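Good morning, and thank you for coming.

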Amino acid sequence: MAESAGPPAARPTLETVARAAGVSPMTVSNAYNRPDQLSEQTRVRVLDVARELGYPGPDPAGRSLRRRRADTIGVLLTEQLPYAFADPGMVAFLHGVATGLADAGQALLLLPTEGNAEFAHVRNALVDGFVVTSLAPGHPAVADVLGRRLPVVSWGYPRFAGVPRIGVDNARAAAKAARHLLELGHTSFGIVTLGAPGSADSSGVVPGVQLSMGARVSGFLKALAAGGIDPASVTVVGASRNTRLDGFEAARSLVAARLRPTAVFGVTDVLALGVLDAAASVGVSVPKDLSVVGFDDVAAAATSVPSLTTVSQSLFDQGRLAARVVLDQVAGREAEVPPIRTELVVRGSTAKPAS
């Protein structure tokens with residue numbers, strides 16, 4: 001008959017290691033946290049005893065509480081975690097954040113807002129500060145972030161009182177795309193955005209457009225209005241998510257219509273690339289029969305066929321700046337946010353309309 005297993009061995013503690021090594025608990029603590037306070041011989045002996053006993057080291061959560069520093073910054077995402085790695089714009093921004101944090105010896109913690117019951121990730125996160133990405137001020141996760149009373153920086157659309165914001169002037173930047181198309185001679189336009197909108201009203205407001213993209217849509221429409229185009233004549237179609245496939249599906253009926261526009265603005269490069277796919281699927285030539293402009297200048301914009309004309313903003317640099325600004329706040333330094341410039345990069349997807 002097999003012998004029954006006894007009770008599990010008690011987990012070794014710092015005090016257990018101290019007794020076995022014949023030193024004080026403070027000496028064991030210093031071996032892990034302040035090795036410069038010990039001789040190399042003492043530190044090696046303490047760590048050897050700890051390994052023999054199976055002691056994993058001080059609890060990181062407890063150590064953070066004692067130090068009141070986690071050396072980690074949380075990034076609050078707008079979507080579920082996998083989406084952050086599928087959106088090339090978000091990937092570029094997170095690359096910049098991670099680079100800025102790594103340069104400062106800090107870690108990065110990604111916190112999704114979807115699939116997160118009651119936003120417990122935010123309340124329980126061991127972080128020194130937060131970067132909030134494209135969430136409206138009324139989002140419940142934002143209230144949880146601000147309730148932590150930690151340093152915060154926002155990126156993209158949201159503007160919170162007293163919180164530094166990293167981002168471009170979306171309306172002014174989108175106007176550059178509109179003026180480019182007007183200068184080429186286009187008079188018939190479409191927009192692919194995020195949401196489920198219809199045509200704009202006379203003031204350039206498009207119901208249903210996601211707040212984070214609304215400034216790009218309104219900036220584009222206002223520039224068209226300044227050029228003599230009635231915003232109500234512009235057809236605005238919405239994609240449910242910022243993916244190339246969703247851009248394709250949203251744009252296909254637009255570019256296949258008998259009276260299709262001669263120029264389409266995608267509020268992100270990802271959606272604009274979907275417009276290129278939709279045009280190819282119905283035999284519409286870009287830029288001969290249709291001009292397409294995007295926004296962001298992700299890596300795929302330069303390599304698409306044809307290459308995509310776009311409003312360029314450095315998402316990597318914005319991420320690195322977000323890291324610096326939040327770490328300045330953590331260190332008690334004044335956080336300064338310089339203006340971020342955009343430029344129109346003209347490539348092969350735009351041309352004069354066919355006569």
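Let us begin with a group of aromatic rings: F189, F220 and F265 are linked by ring pairs into a cluster. Please bear in mind that this is a predicted model. Across the whole structure, a search finds three aromatic pairs.

One of these pairs consists of F93 and W155, which are stacked, with 3.7 Å from centre to centre and 10 degrees between the planes. Because F93 belongs to helix α6 (residues 88-103) and W155 to strand β4, this pair ties together parts that lie 62 residues apart in sequence. Is F93 buried or exposed? F93 is buried, at a relative accessible area of 0%. W155 is buried as well, with a value of 10%.

The rings of F220 and F265 are also stacked, since their centres are 4.6 Å apart and their planes stand at 10 degrees. Here helix α10 contributes F220 and strand β8 contributes F265, so the pair joins parts that are 45 residues apart in sequence. F220 has a relative accessible area of 0% and is therefore buried. The value for F265 is likewise 0%, so F265 is buried.

These two residues lead us to the interior. In soluble globular proteins, nonpolar side chains tend to be buried together. The largest nonpolar core here has 48 residues, and those touching the most other members are I191, F220, F265 and L290. Several elements each supply at least two residues of this core, including α9 (170-184), β6 (189-194), α10 (211-226), β8 (263-266) and β9 (291-296). Another core, of 20 residues, lies apart from it; among its members are L77, V97, V131 and A323.

What does F265 touch, leaving aside residues up to four places away in sequence? Its contacts include A174, I191, R216, F220 and V293.

We now turn to the sheets. Six strands make up an open sheet, ordered β7-β6-β8-β9-β10-β11, with mixed pairing. At its edges are β7 and β11, each of which pairs on one side only. On average, neighbouring strands in this sheet are turned by 20 degrees against each other, direction ignored. Strand β10 (residues 309-312) pairs with β11 in the antiparallel sense, over three bridges, and V311 stands opposite L344 in β11. Helix α9 lies across β6, β8, β9, β10 and β11, and runs at about 160 degrees to β9. Helix α12 packs on the sheet too, touching β6, β7, β8, β9 and β10, and its direction makes about 160 degrees with that of β9.

A further open sheet has five strands in the order β2-β1-β3-β4-β5, and its pairing is parallel. Its edge strands are β2 (107-111) and β5 (165-166). Strand β4 (residues 152-155) pairs with β5 over two bridges, and S154 has R165 in β5 as its bridge partner. Helix α8 (residues 140-147) lies across β1, β3 and β4, running at about 160 degrees to β3.

Finally, consider T350, found in the segment after β11 (343-345). With a relative accessible area of 10%, T350 is buried.

Key: Residues numbered from 1 in each chain as written. Predicted model: local features only at pLDDT ≥ 70, side-chain atom pairs only at ≥ 80, totals over all residues. Heavy atoms only, no water. Core = buried A, V, L, I, M, F, W, Y, C linked by side-chain atoms within 4.5 Å. Buried < 20%, exposed > 50% of the residue type's maximum accessible area, 1.4 Å probe, protein only. Helix = DSSP H or I, 4+ residues; strand = E, 2+ residues; numbered from the N terminus. Contact = heavy atoms within 4.5 Å. Pairing = 2+ DSSP bridges. Axes fitted to C-alpha atoms, helices over the stretch in contact; angles between N-to-C directions. Phe/Tyr/Trp six-rings, centres within 6.5 Å; stacked < 30°, edge-to-face > 60°.
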